[in-house]
Amino acid sequence: MHPLIHSAIHHDALISWLAMIGFGAYHGLNPGMGWLFSLSRGLQLQSERAVWSSLIPIALGHGAAVTVVAALVLAAGHLMDPAVLRVVTAATLLAFGVYKLFRYYRHPLWVGMQVGMRDLFFWSFLMASAHGAGVMVAPVLLSLTRPHGLHTAAEEEITSAVVMLLAISVHTAAMLGVMGLVAWVVYKKLGLAVLRKGWLNFDLLWAGALLAVGVVALFGALSGGGHH
């Protein structure tokens, strides 16, 4: 079996793939990651098409932010032992979670709603970076980049990069699907009234999710979980 396929369907990797899909769905559910923006543009322009078209650059910007973190993780893998890197990643996630817990109300500033596709891409990139979307999935990406049955460091490097890109693509597709569904349901079925009712504080929920993932990642790193 090709090493890439073997790596992708390895039993231990299945949980990581499901986690990437789950994180994607959660990020898509969070209004701060983009669906509220696409809904607002659709309502402003009185166009369902604007709702859908806005989602594409938002999803691409989110994926780009996660890719930057993935590249940093790969680069860090050359500088330190994988076990140490997992501990450092978990500690970074916990530190960022604590920061967001006490600064959850802080968001990147934006100029307004009159934006084009390029603006949406950069806005989404900025939001995903500032809110730690890439940091949240970093421990899972690390667990996916330990290919088996390869003979050279170059093969491992290439396979790790390809698997990581596949994981980011799966994550972004899950996010886009959930984000689109939520935006469409609010636009077509629920309307603005639902936004005026009781509203979850997704910022606090996001901070809690960062901390929860950090605790799990740190426990896994210290216990050697997932080490092959």
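Predicted model: local features only at pLDDT ≥ 70, side-chain atom pairs only at ≥ 80, totals over all residues.
Select helix α7, residues 133–144. Helices here are DSSP runs of H or I with at least four residues, numbered from the N terminus. A helix is expected to span 1.5 Å times one less than its number of residues.

Residues are numbered from 1 along each chain as its sequence is written, and side-chain values use heavy atoms, leaving out hydrogens and water.

Stay on α7. Is it enclosed or open? Here 11 of the 12 residues are buried, so α7 is largely enclosed by the rest of the structure. Buried means under 20% relative accessible area, exposed means over 50%, and partly exposed is in between (1.4 Å probe, protein chains only). Colour the buried ones, including A133, G134, P139 and L144.

Next, select H62 in helix α4, residues 48–76. H62 has 0% relative accessibility, so it counts as buried. Which side chain does the side chain of H62 meet in a polar contact? It is that of H27, at 3.2 Å. A polar contact is a pair of N or O atoms within 3.5 Å; within protein, one must be able to donate a hydrogen and the other to accept it, and residues adjacent in sequence count only if both atoms are side-chain atoms. Now show the contacts of H62, meaning heavy atoms within 4.5 Å. Leaving aside neighbours within four places in sequence, they include A133, H171 and M175. A133 is also one of the buried residues of α7.

Move to the aromatic rings. The structure holds 4 aromatic pairs. Rings of Phe, Tyr and Trp (its six-membered ring) pair if their centres lie within 6.5 Å; planes under 30 degrees apart count as stacked, over 60 as edge-to-face and the rest as tilted.

Select Y26 and W206. They are stacked, 5.6 Å centre to centre with 10° between the planes. Y26 lies in α2 and W206 in α10, so the pair ties together parts 180 residues apart in sequence. Y26 is buried at 18% relative accessibility, and W206 is buried at 1%.

Then pick F96 and Y99. This pair is tilted: 6.1 Å centre to centre, 40° between the planes. Both lie in helix α5, 3 residues apart, about one turn of the helix. Y99 is partly exposed, at 40% relative accessibility.

Methods. Helix = DSSP H or I, 4+ residues; strand = E, 2+ residues; numbered from the N terminus.
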